[in-house]
Amino acid sequence: MIPGGLSMGFDSIDRLEVDNSYADLPPVFYTRLAPQPLTQPRLLHANADVAALLDLAPEALRRPEFLEVCAGQRPLQGGKTLAAVYSGHQFGVWAGQLGDGRAHLLGEVRTAHGPMELQLKGSGRTPYSRMGDGRAVLRSSVREYLAGEAMAGLGIPTTRALALVVSDDPVYRETVETAAVITRVAPSFVRFGSFEHWHDAPQNLRALLDYVIAHFYPECLGAEGEGGPHAPALRMLGTVVRRTAELVAAWQTVGFCHGVMNTDNMSILGLTLDYGPYGFMDAFQVRHVCNHSDTQGRYAWNAQPAVAHWNLYRLANSLLALGIEPEALKQELQQFEDAFLQAYRRRMLDKFGLRQWQDGDAELIDGWWRLLHENRADFTLSFRKLAGAQRDAVPFLDLFIDREAAQAWLSRYLDRAGGEGGTAAEREMAMDRVNPLYVLRNHLAEQAIRAAKQGDAGEIETLLMLLRDPCTPRAGYEQYAALPPDWANGLELSCSS
Ligand code: AMP
Ligand code: MG
């Protein structure tokens, strides 16, 4: 620190102000234990942006204790390392107890933006590992590392990651891969499944609820006794319903498919959580499924809003154990559709450069998705090139096989946009500020993975630079905004990670 209150950041991770409020919950909520360190861990990448959030100076990332903490060799000073228990519904079926099977919560750092938890993923077995080896492979770790920053760059709520540590330790999946650990950062990793775990243990459920409300939703407390004893729980549920609806609306409008929307992967804070076989769509398909293990298409792009709502029902269901009236819970759940539609429409209007919702806009949007679907048009470039189509329609029309259909939709859109006031140039600028040019396409992540396997973090660095500010064109990086190459068609993502 320098005098005058201007913070330069702490020069060592050991100096952070650390606590672990989760460890104050009753011991049945977790197991205190140390990670199992990797052999000869190396820091492949440290994220300066997330470090800054934690008030860590750049030089802190180069010190040996930083690597040691992020490799699970050294506890976070002041933290109480633990693995948390939770349950969940996986692919619509009650899976019973799950929990941090390969993750360790190190503690929470006090920051100017509130407490931020640091959690290792891939850091070894815990009592919740079941058949798993407690490890994460480099491939999926690079993907999670990049995805958090891609989401943050798009302004979509997400967990993030501070560091990516690699080792030559073998990990056995379909083939032999190598191990990695990422250090994830979020205010909390509590999931819907953390509540579901206590669906028949009211005392523990109450303890978790009180913890989450006190730490993350204090505004739900209200005045003492106001609205009856269950009012804070209901207000919290309502808030989670709205946040989740807004989150999924944001996903839909950037073409993000989560891939594994199980209730244990749903954040109680409305963050995008647990990046596995996720995907940002290239060619638009309404029923696009990014996870090849999802043979039923349960988590297809168009299913995500309804799945989120279903997951919220599972969360609400667990609150019945507190003696809350089902009708009162249902009322909170019913806010989903309005909250989703409002957020979705606002985002679509912004993407189209339109100001006010008008009659006929639902049909305009419907026609848009149908046009993209029937032409398998690129999700990201279709929006991006629509902005310039007001000046020169050719680059936009070139994205579609059926140019006549594209022209017909475009004419309708231009009529609609022109009737609202404002110039085409203003609209184009506004649209270019919200429609990303660079998204984390699968093949871009794959290039970064291939380089990372050679110990080269250069592609990660390049992608982070582009994805942090995804709407701003950068000279020399045209291929990162281009359609995927042919080899990308063969990429398959499964739950294996
Ligand atoms: P996921 O599908 O990644 O959300 O994981 C579902 C559950 O399986 C969570 O409880 C994870 O902690 C656990 N899990 C996934 N992979 C492993 C692994 N390799 N070792 C131990 N537990 C795992
Ligand atoms: Mg998970």
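## Contacts to ligand 1

Let's start at the ligand: one of the nitrogen atoms of ligand 1 lies 3.2 Å from a polar backbone atom of R135. Of the accessible area that ligand 1 has on its own, 480 Å², the protein covers 80%. Bear in mind that this is a predicted model, so every distance here is computed from it.

Two further contacts are worth a look. At R102 the side chain takes part, with one of its N or O atoms 3.2 Å from a nitrogen atom of ligand 1.

## The shell and the pocket

In total, 17 residues surround ligand 1, and G99, G101, R130, D133 and G134 are the closest of them. Sorted by class, the shell has eight charged, seven polar and two nonpolar residues. As for the site itself, ligand 1 sits in the largest pocket.

## Where the domains come in

Ligand 1 lies between domain 1 and domain 2, because both of them give residues to the shell around it.

Now for the cavities. Rolling a probe the size of a water molecule over the atoms shows where empty space is left. Counting cavities of 30 Å³ or more gives four, and the largest cavity has a volume of about 120 Å³. That largest cavity is lined by 14 residues, with Y22, A84, D100, F189 and V190 the closest to its centre.

How values were computed:
Residues are numbered from 1 along each chain as its sequence is written. Chains are lettered from A and ligands numbered from 1 in the order in which they are written. This is a predicted model: local features need pLDDT of at least 70, side-chain atom pairs count only at pLDDT 80 or more; totals for chains, interfaces and linings use all residues. Side-chain values use heavy atoms; hydrogens and water are left out. A residue is near a molecule or strand if one of its heavy atoms lies within 4 Å of it. A polar contact is a pair of N or O atoms within 3.5 Å; within protein, one must be able to donate a hydrogen and the other to accept it, and residues adjacent in sequence count only if both atoms are side-chain atoms. Accessible areas come from the Shrake-Rupley method with a 1.4 Å probe; for residues, only the protein chains shown count as cover. On a 1 Å grid over the protein atoms alone, a cavity is a set of points where a 1.4 Å probe fits but cannot get out, and a pocket is an open set with protein on both sides within 12 Å along at least five of seven lines; lining residues have an atom within 4 Å of a point. A molecule sits in a cavity or pocket if more than half of its atoms lie within 2 Å of its grid points. Ala, Val, Leu, Ile, Met, Phe, Trp, Tyr, Cys and Pro count as nonpolar, Asp, Glu, Lys and Arg as charged, and the others, Gly among them, as polar. Domain bounds come from an automatic or database domain assignment. Grid points are joined across faces, edges and corners, and a volume is the space filled by probe spheres set on the points.
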